[in-house]
Each structure stands twice: as C-alpha cells, then as structure tokens.
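Student: Could we go through this structure together? I would like to discuss its sheets and its charged pairs.

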Amino acid sequence: MKNIYSKLLLIVCAIFVASCDNDDTMSHTNVSAVNALYSPANNKFYDLGAQSSAVFEWEGAKAEDNGVVLYDVVFDRADGDFSKPIYVKPSDGNGFQKTLNLSFTELNKIAGLAGIASETIGKLKWTVYSSKGVNVQKSSVSSIIEVQRPGGFPTPDQLFITGAGSETGETVADAQAFKKTGATTFEIYTKLQAGSYKFITRKNGTPEVFYISEAKLQQDGATTYAGDAKVYKIKVDFSDGSTTMTEIKKIELWFPPLSQYLFEYTYAGKGIWKADNKTIVFKQESWGRDERYKFKFTVVNGATTSEEWYGSTNGDNNRPDANTPASFWYMVPVSSDVWANSFKFAGAVDNKSVNAVINFSASVPAYTHSFTVL
C-alpha cells in the first residue's frame, strides 16, 4: 500500500511540474507592443516612379524572456484600422530586425492594393506587429505615408490577348500568349479585327485585365478596334504603362546573290507566317553556289512606312547540317546591309521546293524560322 501511495504522489508531482513548465513556456512567448515608429516621418511623400526604396524603422519591443522578437510591418488604407490589412511583410532578416527596406516596386504594388490608381497620389497607413510567433501584439501607434504612383503596374508573370477584336475571339481558353521580353515588358505579333480586345493575366480564375487607351496601358476595360483586319506587333511595358503598335505590312525573303526577293510570306495566325511550296535555287558563282538570305519586314508606324531587317546573330555563316543547333535559325534585328548577317540555306534545299515558316510566337524560346523540303 505504501508503494502505491508513493507512486501516486510521484505522478501528481510530475503533473504539477509539467503544468508549471507549460505555464513557463507560454510566458516565454509574451512580448510588448512597439511603442514608437521612427521613420518614415508621418506624411512622408514618395514618388514611386523612381528606382529607389523606403526604409521603415521602429522602437524595439521587449520579450518577457529577454529573447528575440519577430516583427511584421502591416499596411492598410489611410482610413483603415488594420482589422483587415491589405499587406503584411516580415521585417528585414526574416522578421528579426527593427527595420524594413521596401523597394518602390513593392510599395507601388501595395498602393495598388489600397485602391490608389496609377498616375495619382494617395495615402497608406502602416504599423508594426511584434510577437514570438504567437501572442501577436499590435502597436497602438501608426503612421501615414503619401505616395505618387507611376503610370505602370506590377508586372504579371504572363499575359494574353482575347476578345472579339482579337484573332482568337472571345473564348478565353484560346487566348493568344504574349512573349515576355524583359523584366517588365511583353510583346505579341497578332491580327486585330473589328471588335474589342483586352489583355488578361491568366486563362482561369479571375485575371487582372488591361487595355490600351491613348497609347497608355490602363486597367479594367477593353480597346475597340475598327477598320480592316491587320497584323500588329504590340509592345507593353508595365513599368511605365507605355505601349507601341506597329503594323507588319509585309515580310519578304531577300536573296542577295540575285539582289531580289524570292517570295513573300503570308500570315497564318498566332505570330506565324508561312510560304508553301516555294522553289529555292542557289546562284552559281565561279567559286561555287551562293545560298545567302535574310528577311525584310515592311512596317507601318502611324503614317510612316519603313523597313526592318532580320538576320543571323552571326556576321557570316556556314551551311547548316544535321548537327547545327536550333539557335542557328534564330532571327534578330540587323542592318540593311545587303550581305551582313545573312543566313545560309542547307545544301539539301538547292533546287528543291520547300514549305517556309517564320515563327514569332510565344511558343518558341526565340524568334526563328525553318524550311522543310517537300
């Protein structure tokens, strides 16, 4: 019996100690709230069109166990109370530091979430939460910053064109993809026809929607296209909201050995041009058969018609063969020099009929072309 009582006493003690340990553990999660925000100064103004950043700094909170404290910087609309913040960001050092260095690009994104339109001035409210991962303490103080948004928008990961005025129509699943050409830029070669068109950031869910108005990128709307159907190169830059539209009037294959164009390509859709059943004959020279070629694009910008030349990344080339990498056929802008940066046909093309293709779609890693012997 004595042993039973002893065991019961040990169990009770163990439970008591464990309970005390749990209480101590929970007390170790207690931290104080942040009592002061140091910078930016209240109502500090930032022009977010610059390439810069804003530094947020505050007085440190204290942990009951004298350990480290984690911080989150919390943003809301100017009239918000942080009950439903629009953006939360851990401080520098994964939340351990009493500062946050925030790029203007990200601050511009937050301003957009607050409903501040591009190219306008608005205000954001910010504060700091302190914690040890639990028992979050909201600071009783907050501050305001005033921001001027640039004409651009946060850059999406992808972009598509859709609508009755686009060549793929109103079915979103068929929307044609833009090619991403830089950190903030996209471009597409596509046909426009009578009707409205818009740009979307994805084909499912609720995408962001953009359109062009007076050569500027705008959000939540559509552009109406009137007139004859034409093929365009459309470029958009999300950093400043700029856009350009260039009509691609004609593409021809230039054959400098004869100083003439062998044939013209026909637009086939989604950034692809084709010329079917065309005969290629090299020119006989005293030293052999000349097979050099490049491309001329006739383009229209507003009322001005001009030429754009596309050729090889190399100044000169050897004939391609089965071991030639795909990059050989990549097309890049080149000078109008008759011979420079010319491609060379494969030997198997001489005196043969071919199907010729130019591919300026988003489906290829770089703009390219090909010839298939029939």
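**Sheets and salt bridges**

Tutor: Strand 29 (residues 352-359) and strand 30 run antiparallel and are joined by six bridges. The model is a predicted one.

Student: Which residue is the bridge partner of Asn355 in strand 30?

Tutor: The partner of Asn355 is Thr372.

Student: What is the strand order of the open sheet of four strands?

Tutor: The order is 21-22-29-30, and the pairing is antiparallel. Strand 21 and strand 30 (368-373) are the edge strands, each pairing on one side only. On average, neighbouring strands of this sheet are turned by 30° against each other, direction ignored.

Student: How many bridges join strand 21 to strand 22?

Tutor: Three bridges join strand 21 (residues 266-269) to strand 22 (residues 272-280), and the two strands run antiparallel. Within this pair, Tyr267 stands opposite Trp273 in strand 22.

Student: And how many residues lie between strand 21 and strand 22 in the hairpin?

Tutor: The hairpin has two residues between its strands. Lys270, in the turn, has a positive phi of about 55°.

Student: Let us change topic. What is the order of the open sheet formed by three strands?

Tutor: That sheet has the order 1-3-6 with antiparallel pairing. Its edge strands, each pairing on one side only, are strand 1 (37-39) and strand 6 (99-103). From one strand to the next, the twist averages 25°.

Student: Over how many bridges do strand 1 and strand 3 pair?

Tutor: Strand 1 pairs with strand 3 (residues 53-58) over two bridges, in the antiparallel sense. Leu37 stands opposite Trp58 in strand 3.

Student: Where does helix 2 lie?

Tutor: Helix 2 (residues 104-113) lies across strand 3 and strand 6, and runs at about 85° to strand 6. The buried residues of this helix are Phe104, Glu106, Leu107, Asn108, Ile110 and Ala111. Just after helix 2 comes Gly115, with a positive phi of about 85°.

Student: Now the charges. How many salt bridges does a search of the whole structure find?

Tutor: The search finds 10 salt bridges. In one of them, the side chains of Lys296 and Glu252 meet at 3.6 Å, N to O.

Student: Which parts does that pair tie together?

Tutor: Lys296 lies in strand 25 (residues 292-301) and Glu252 in strand 19 (residues 242-255), so the pair links parts that are 44 residues apart in sequence.

Student: Is Lys296 buried or exposed?

Tutor: Lys296 is buried, because its relative accessible area of 10% is under the 20% limit. Glu252 is buried as well, at 11%.

Student: Which residue of strand 26 pairs with Lys296?

Tutor: Lys296 forms a salt bridge with Glu307, and the closest N and O atoms are 3.6 Å apart. Glu307 lies in strand 26 and Lys296 in strand 25, so this pair ties together parts 11 residues apart in sequence. Glu307 counts as partly exposed, at 46% relative accessibility. Salt bridges that share partners join Glu252, Lys296 and Glu307 into one network.

Student: What about Glu291: which residue does it form a salt bridge with?

Tutor: Glu291 forms a salt bridge with Arg319, where the closest N and O atoms are 2.3 Å apart. Glu291 lies in the loop between strand 24 (288-290) and strand 25, and Arg319 in the loop between strand 26 (304-311) and strand 27 (332-334), so the pair ties together parts that are 28 residues apart in sequence.

Definitions and conventions
Residues are numbered from 1 along each chain as its sequence is written. This is a predicted model: local features need pLDDT of at least 70, side-chain atom pairs count only at pLDDT 80 or more; totals for chains, interfaces and linings use all residues. Side-chain values use heavy atoms; hydrogens and water are left out. Two strands pair if DSSP finds at least two bridges between them. Axes are lines fitted to C-alpha atoms, for helices over the stretch in contact, and angles run from 0 to 180 degrees between N-to-C directions. Contact means heavy atoms within 4.5 Å. Buried means under 20% relative accessible area, exposed over 50%, partly exposed in between (1.4 Å probe, protein chains only). A salt bridge is a side-chain nitrogen of Lys or Arg within 4 Å of a carboxyl oxygen of Asp or Glu.
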